[in-house]
Amino acid sequence: MTIDWKQTAQDYKQAYLNDLKELISIKSVRDDDHQTKDYPLGEGPTKAMLKFLSFAERDGFTTKNLDNIVGYIEYGSGEKTMALQAHADVMPAGDGWETDPFEMVEKDGFVFGRGTSDDKGPALAAYYGLKMLKDHSFMPHTKIRLIIGTDEESDWTGMKHYFDVEPEPDFGFSPDAEFPLINGEKGNATYVTTFGHTNGSDYTLKQFESGLRPNMVPGNADALVETGDNEKFVDAFTRFLDENPVAGDVKATGDGIALHITGKAAHAMEPKNGVNAGTYMATFLNQFPFEGAAKNFIAFLAEDLHDDSRATKISADHVDDIMGEVTMNVGIMKFDMQNGGMVNTNFRYSKGTDDKQILGKLQKAAGKHDAGVNEISNMGTHYVDPSDPIVSTLMTVYREQTGDTTSKPEVVGGGTYARLMKRGVAFGALFPGTKDTMHQANEFQPIDDLLKAMAIYGQSIYELTVK
């Protein structure tokens with residue numbers, strides 16, 4: 001069978017953009033406050049997954065909805081199953097957008113909107129890659145399932161449910177990362193450190209809040225403080241903003257002095273790409289004589305965690321020759337006078353260390369501040385040998401279509417659904433040289449990149465299932 005992959009992708013351009021616009025308009029952020037029997041993770045994620053399935057039904061594919069938390073699109077038959085694992089949920093939008101995050105905007109060859117890059121744009125490109133095979137009457141020798149999860153950005157409830165009720169696929173890829181190919185993913189562990197609620201009298205921390213998710217560098221932080229010297233406190237904050245890579249504002253309220261800091265949100269797989277507004281807020285507050293649990297909360301953030309994405313201050317740093325460095329993201333920070341404080345830290349760790357070793361280091365550091373630490377989630381390291389046919393086949397297709405003969409498979413700190421399969425890899429759709437805006441304000445993706453990914457996905461599915 002002969003298909004002009006790139007031309008076929010161009011032929012689908014307008015239909016693809018029309019479908020993507022519908023997907024972006026669905027605010028598919030997990031919403032536990034509005035769970036129902038019909039919407040186990042909130043209305044948005046389920047509706048986005050069902051929208052994917054409706055496109056497939058329109059185009060003549062077989063679909064199945066598994067309890068409104070995961071669904072799949074099926075094509076072909078055979079003893080083996082190839083999986084394309086994608087997700088329809090998105091991160092909270094956060095602040096700093098120049099457009100409505102849930103209204104797709106086309107401008108200067110780009111599409112803007114939450115999910116254009118992570119993962120609605122790439123997932124839909126993979127769907128259209130599958131569609132081009134069906135439209136050309138190709139019948140694979142392997143069953144192909146495009147599986148759509150609904151909470152990849154949190155607990156993976158949907159995809160884990162799929163693996164509970166369906167057989168594990170034999171091999172496959174997740175279009176939820178970057179090209180050329182990711183054959184290794186670091187371990188991913190999240191911890192919560194908790195503090196009491198005692199406070200001081202001259203300086204009182206009434207409230208502190210920063211961060212939306214463990215896997216996102218906080219772009220904003222707010223604190224409410226009663227001080228012993230308001231003028232001195234405000235002057236110090238103004239100087240702090242001038243001397244550090246953050247913006248902010250301060251105002252007096254009836255409840256105290258309200259502080260706001262704006263940093264830069266980023267994906268937690270590389271915290272250096274962001275500026276953590278929360279730990280900067282704590283660093284500012286740490287120069288003042290707070291007391292009790294409030295002081296411990298502030299000092300832990302400022303002295304043990306701030307500006308240390310490699311966790312050297314708590315001696316949890318480690319480097320592996322293949323998987324690289326341990327990284328640490330301080331994702332959520334909260335304190336109030338009734339409930340006390342909590343700090344959520346997310347680690348991406350390489351071979352040679354593990355979640356229990358990191359937990360021990362965190363507990364030792366937190367113990368100095370009269371705080372306790374618990375592990376709340378962990379996924380171990382994942383690695384597929386570069387000699388595996390799925391790696392070599394996908395790399396060959398990528399090189400043929402792009403002319404990039406120097407790029408090699410990579411190991412990253414991000415976690416994708418690919419790790420749920422023994423022979424699973426992550427494959428696109430972010431190209432080398434394209435700015436990574438996942439989990440950030442003004443998320444975008446070049447339209448040409450999405451069409452190139454569609455062509456690569458179409459040929460890749462063909463090559464992996466033709467015999």
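The side chains of K422 and E168 meet in a salt bridge, with 3.5 Å from N to O, a salt bridge being a side-chain nitrogen of Lys or Arg within 4 Å of a carboxyl oxygen of Asp or Glu. This pair links distant parts of the chain, K422 in the loop between β23 (410-412) and β24 (424-426) and E168 in the loop between α5 and β7 (171-174), 254 residues apart. The model is predicted, so that local features need pLDDT of at least 70 and side-chain atom pairs count only at pLDDT 80 or more, while totals for chains, interfaces and linings use all residues. Residues are numbered from 1 along each chain as its sequence is written, and side-chain values use heavy atoms, with hydrogens and water left out.

| Pair | N to O distance |
|---|---|
| K422 and E168 | 3.5 Å |
| D155 and R30 | 3.5 Å |
| R58 and D19 | 2.9 Å |

K422 is exposed at 67% relative accessible area, whereas D19 is buried at 3% (buried means under 20% relative accessible area, exposed over 50%, partly exposed in between, with a 1.4 Å probe and protein chains only).

Strand β6 (residues 143-149) is mostly covered, since six of its seven residues are buried; strands are DSSP runs of E with at least two residues, numbered from the N terminus. Strand β6 pairs with β2 (residues 70-75) in the antiparallel sense over six bridges, pairing requiring that DSSP finds at least two bridges between two strands, and with β3 (residues 81-87) in the parallel sense over seven bridges.

Key. Helices (H or I, at least four residues) and strands (E, at least two) are DSSP runs, numbered from the N terminus.
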